[in-house]
Amino acid sequence: MSLPGTNDHPGDYRASGCSSCHVVYANDRDPAHSAGYAAFGHSGTSATVDPTIDRSQSGHPIKHVFTRSIPSSQCMVCHMHPGTNMLTTYFGLTWWDNEIDGDKMYPAKQKNPSEEERYRSSLKNPEAAAARGLWSDDKFLEQTGTPEFNKQLKTTRFADFHGHGWLYRGVYAHDRKGNWLDKEGKQSCTSCGYSPRKGDAMHGLSLRAGQSWKRKSLWRATRRSRN
Ligand code: HEC
Ligand code: HEC
């Protein structure tokens, strides 16, 4: 708590001490986590009117003020260990296992990083697989949580924040054979975990908006099957 964030990825932008919670930074564009702050993006840029602050530079608070309106995205900037900890489970997420939908995450031809490349990658992401994957590239990593990127995934959806350079994925209800279940606990669309119903326009549209809706209903389905 006494150190500021590393300020190098979405999900790592923060101050320290009292301001680590009370001064809000733009870290996550999902309104389910950031509420009214979602519109300010995920790149730690400021929306201040102060002319001395560079608004295109990452690492500045949205506004240079203390607030009592603290979004849960502001807790996530510290509580990322071990990826299954209280914040991600509250969001309906868990650490990506470095495998699911891996065809979109590794280069087509296996990359064998040199010692120098491994070292460079570990400065930003302490997890060793990153040196082999595409997500060691900040530009690639930043867009993994967008609807455009998520749309091409078969099995999961990534979150919009990447504290420590990590990836967090949605957790969806499925049966013991791996079939996705809808909110009634019935089998649903195998490729995306969503079951389209008559008059329902969610399928294929905004994944971010659809995702929270989906998570909520799947959570209910899971609860029902447990009871
Ligand atoms: C871990 C996050 C966190 C840290 C660190 C933190 N706060 Fe808070 N603080 C909160 C939250 C959450 C609230 C409740 C906001 C609300 O009203 O919903 C709050 C409320 C407050 C309030 C308002 C109390 C009221 O009666 O409305 C004050 C004042 C405050 N904090 C001061 C501080 C000071 C000073 C520090 C540093 C010593 C600090 N906070 C550190 C999370 C934090
Ligand atoms: C600046 C980093 C930071 C931020 C931001 C932060 N926390 Fe924490 N939090 C910590 C640390 C470090 C600990 C462990 C303290 C210890 O064990 O002495 C902790 C502990 C906790 C615990 C106790 C966990 C346990 O197992 O005992 C809870 C609950 C918690 N935080 C909730 C929150 C919530 C809610 C927010 C957002 C309002 C938040 N934290 C924001 C750093 C942070």
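Which helices each supply at least two residues of the shell around ligand 2? The legends below answer this and other points. This is a predicted model, in which local features need pLDDT of at least 70, side-chain atom pairs count only at pLDDT 80 or more, and totals for chains, interfaces and linings use all residues. Residues are numbered from 1 along each chain as its sequence is written, while chains are lettered from A and ligands numbered from 1 in the order in which they are written.

**View 1. The shell around ligand 2.** Helices α1 (19–22) and α3 (73–76) each supply at least two residues of this shell. Helices (H or I, at least four residues) and strands (E, at least two) are DSSP runs, numbered from the N terminus. The surrounding residues are Met-1, Ser-20, Cys-21, Ile-70, Gln-74, Cys-75, Val-77, Cys-78 and His-79. A residue is near a molecule if its C-beta atom, placed from the backbone, lies within 6 Å of it. The shell of ligand 2 holds 6 nonpolar residues, 3 polar and no charged. Here Ala, Val, Leu, Ile, Met, Phe, Trp, Tyr, Cys and Pro count as nonpolar, Asp, Glu, Lys and Arg as charged, and the others, Gly among them, as polar.

**View 2. The largest nonpolar core.** It has 30 residues. Ala-26, Tyr-37, Ile-62, Leu-167 and Tyr-168 have the most contacts inside it. At least three residues come from each of domain 1 (1–77) and domain 2 (93–170); the bounds come from an automatic or database domain assignment. A nonpolar core is a set of buried Ala, Val, Leu, Ile, Met, Phe, Trp, Tyr and Cys residues joined through C-beta atoms within 7 Å. Buried means 20 or more other C-beta atoms within 10 Å of the residue's own, exposed 12 or fewer, and partly exposed in between. Tyr-37 touches Val-24, Ala-26, Ile-62 and Pro-71, leaving aside residues up to four places away in sequence. Contact means C-beta atoms, placed from the backbone, within 7 Å.

**View 3. Thr-48 in its loop.** Thr-48 sits in the loop between α2 (31–34) and α3. It counts as partly exposed because it has 15 C-beta neighbours inside 10 Å. Beyond residues up to four places away in sequence, Thr-48 touches Ile-53, Lys-63 and His-64. Thr-48 and Pro-61 are 13 residues apart in sequence, and 8.4 Å apart in space, C-alpha to C-alpha.

**View 4. Asn-98 and Asp-101.** Asn-98 lies in the loop between β1 and α5. Asp-101 is found in the loop between β1 (93–95) and α5 (115–124). Asn-98 is partly exposed, with 16 other C-beta atoms within 10 Å. Asp-101 is partly exposed, with 16 C-beta neighbours inside 10 Å. Asp-101 has a positive phi of about 55° although it is not a glycine. Asn-98 and Ala-129 are 31 residues apart in sequence but 7.6 Å apart in space, C-alpha to C-alpha.

**View 5. Confidence along the chain.** The mean pLDDT (the predictor's confidence in each residue, from 0 to 100) is 84, and 81% of residues reach 70 or more. Confidence is highest in α1, at 97, and lowest in helix α8 (residues 207–226), at a mean of 42. Over residues 195–227 the pLDDT is below 50. Beyond near neighbours in sequence, this stretch has 37 contacts in the model. Where pLDDT is low, the predicted coordinates should not be read in detail.

Key. Two residues are in contact if their C-beta atoms, placed from the backbone, lie within 7 Å.
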